[in-house]
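Dear colleague,

Please find below the structure that I am handing over to you.

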Amino acid sequence: MQQKRFLDTSVLRKLLFGTQAYRDYLKDQFKDDPLFISAYVKMEFKRSFIISLIGFYNVLNMPSIENTSDALRFWSNEYRNPYLKAIHELISDFLANQNLISDSAFDKAKALLEIGRLIKRYMAEIRMKFKDTGIDSTRCAREQVPFKIDRYNMESDFEKYVMQFKDVKACRQKCNIHTFLDKKKSKIETLITEAQKLSKTRHTKGFINISENLNKILNEGYSKCTCSMCGKIGDAVIALDAPTNMQIESLDHSFDYLCPPLRLENKKHPSESQLHKKINR
Amino acid sequence: MGTARTGNSINGSSHSSINDDFEKKADSSEYDQFKRSTASESTKEPTFFNEMGWSATGLEEELDEMDTIPVSQSFEPIALPQHNVEAQFIIRKHISDQLLDSLQKIQEHIGEPSAAIFARKIIELILDMRDRIPFDPFLDVAMALYDALAYKNLWVKYTADQYKVAYKILYRLINVKDIKDKNTDKAILELEELGFNVLPFEVSIDLDSET
């Protein structure tokens, strides 16, 4: 019998740009089971990955950056955040495959177009490859920002998309997070109580931080839940909005503590390094 | 403006080397006389700036500073070739005929080193297409196939049946003049469902073990 699997953002990322060994591991785990993602998971993927890829496009597009080698060097020197380092690794891999890492200004022009194509390919992938849970209780407006990219106007179309996606004030006014949190108030209180029983360790840290932020929102009012705050409680939003007939697939420790009180099935997958240690044993 | 700055820099350096030669060769008294005469000319001669009551001194300093600006700042972006739909279609058809031919021939050589001949042709033809008609929507699909084949020599992993269906997917689009995004997205997804790794790029950094 097939198991319906609901993918957290961490697993979605591994499926789309994890190492081949990790993707093989996930394929082996999932077999032919239907894979679901929600609108909120799509938004998290866009926020952490697509926006950063467009960021690289913009850096490469700078008149002072003459070629792709300069852009990669600049990115590596300026951005140390792990997510942005990941973009460097991915783009290097991509440009090397297309023979576009060079000192040539002509290759820069080609690379800009091809990076644009790659971004469109990732966006189509999350839109078409996975089934939608059909549950979108938060009605996140950032997820609903239209993504229309014309090959001849990539620069301005990407700019328009990023500006709309980053306009958190306008997006927050349109979304439904306050109503969602209000409806889930008793479940949120349960999560907070569970977190208070735990001591902070490397494994519990993520869940405790989420519950502290949930507590802050309950005390200060749902309207205080900004897009930035929503990002800090993301795993809880995903768990609270998860279909109860599906198993949550995740790499994050926080789901080990979020799922049992919410009576959700959870499959925790190893990190990339844990998997490699296991393979090499 | 950028060219003028670069020009200044080049002229400046060439002037100084001419002056060096002149100083070495010429008699010192003649050279002193020459320097005095040119200096007096430049102060006496009415210039546009002097007539307008402006001082050119600040401008000269500014131009000197500009000499230190690297040439790279005058970089002009290079435009890729753009064609109308008709021309794009003709070029696409021309290259695709060879592309389809190679996609067909590779099926007969799967599992043998000779398959590399056709894999190389497919890869080179797609890159040629990228250079000639970079804005053609057909390339969205062709480049997805390119990534799936060229990355770490994955072309060797695919079966004759997979190449056969890839041929059909490309053939269906080649004859469509005005390809829509929904068609290219669908074709790429079909390639992926067929087993072609259209997004093979890897990130090894562990992003998810912190929360």
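**Contacts and composition of chain B**

In chain B, 69% of the contacts with a separation of 6 or more are accounted for by residues 24 or more positions apart. Please note from the outset that this is a predicted model. The secondary structure of chain B consists of nine helices and zero strands, so that a reading from the N terminus on gives α-α-α-α-α-α-α-α-α. Of the 211 residues in chain B, 24% are buried.

**Confidence**

For the complex, the predictor gives an ipTM of 0.94 and a pTM of 0.83. Chain B has a mean pLDDT of 76, and 62% of its residues reach 70 or more. Among the elements of chain B, the lowest mean pLDDT, 38, belongs to helix H1 (residues 2-25) of chain B, and the highest, 98, to H7(B). Residues 1-60 of chain B have a pLDDT below 50, and this stretch has 20 contacts in the model beyond near neighbours in sequence. A further stretch, residues 65-72 of chain B, also stays under 50, with nine contacts beyond four places in sequence. Where pLDDT is low, the predicted coordinates should not be read in detail.

**Chain A as a whole**

Chain A contains 15 helices and five strands. Its radius of gyration is 20 Å, close to the 19 Å that the globule rule gives for 281 residues, so chain A is as compact as a globular protein of that length. Taken along the principal axes, the C-alpha atoms of chain A fill a box of roughly 60 × 50 × 35 Å. Buried residues account for 41% of the 281 residues in chain A. Among contacts in chain A between residues at least 6 apart in sequence, 69% join residues at least 24 apart.

**The sheet of chain A**

In general, strands of a sheet pair through backbone hydrogen bonds, either parallel or antiparallel.

Two of the pairings can be followed residue by residue. E1(A) and E4(A) pair in the parallel sense over three bridges, and A:Leu7 stands opposite A:Glu249 in E4(A). Strand E4 (residues 247-250) of chain A also pairs with E5(A), in the parallel sense and over four bridges. There, A:Ile248 has A:Asn266 in E5(A) as its bridge partner, while A:Ser250 has A:Lys268 in E5(A).

**Where the two chains meet**

The contact takes 43 residues from chain A and 32 residues from chain B. On the side of chain B that touches chain A, the elements that give two or more residues are helix H7 (138-150) and helix H9 (181-193) of chain B. H7(B) provides the largest share of that side, five residues. By class, the side of chain B that touches chain A has 19 nonpolar, eight charged and five polar residues.

**Individual residues in loops**

Most residues other than glycine have a negative phi, and most peptide bonds are trans. Against that background, two residues may be pointed out.

- A:Arg139 has a positive phi, near 45°, and is a residue other than glycine. A:Arg139 lies in the loop between E3 and helix H7 (154-166) of chain A. A:Arg139 counts as partly exposed because it has 15 C-beta neighbours inside 10 Å.
- B:Lys152 is not a glycine, yet has a positive phi of about 45°. B:Lys152 lies in the loop between H7 and H8 of chain B. With 13 other C-beta atoms within 10 Å, B:Lys152 is partly exposed.

One further residue concerns a loop of chain B. B:Lys157 is placed in the loop between H7 and helix H8 (160-174) of chain B. B:Lys157 counts as partly exposed, with 13 C-beta neighbours inside 10 Å. B:Lys157 and B:Gly111 are 46 residues apart along the chain, and their C-alpha atoms are separated by 8.7 Å.

With kind regards

Terms used. Residues numbered from 1 in each chain as written. Chains lettered and ligands numbered in written order. Predicted model: local features only at pLDDT ≥ 70, side-chain atom pairs only at ≥ 80, totals over all residues. Pairing = 2+ DSSP bridges. Contact = placed C-beta atoms within 7 Å. Nonpolar A, V, L, I, M, F, W, Y, C, P; charged D, E, K, R; others polar. Rg over C-alpha atoms; globule rule 2.2 N^0.38 Å. Buried ≥ 20, exposed ≤ 12 C-beta atoms within 10 Å, placed from the backbone. pLDDT = per-residue confidence, 0-100.
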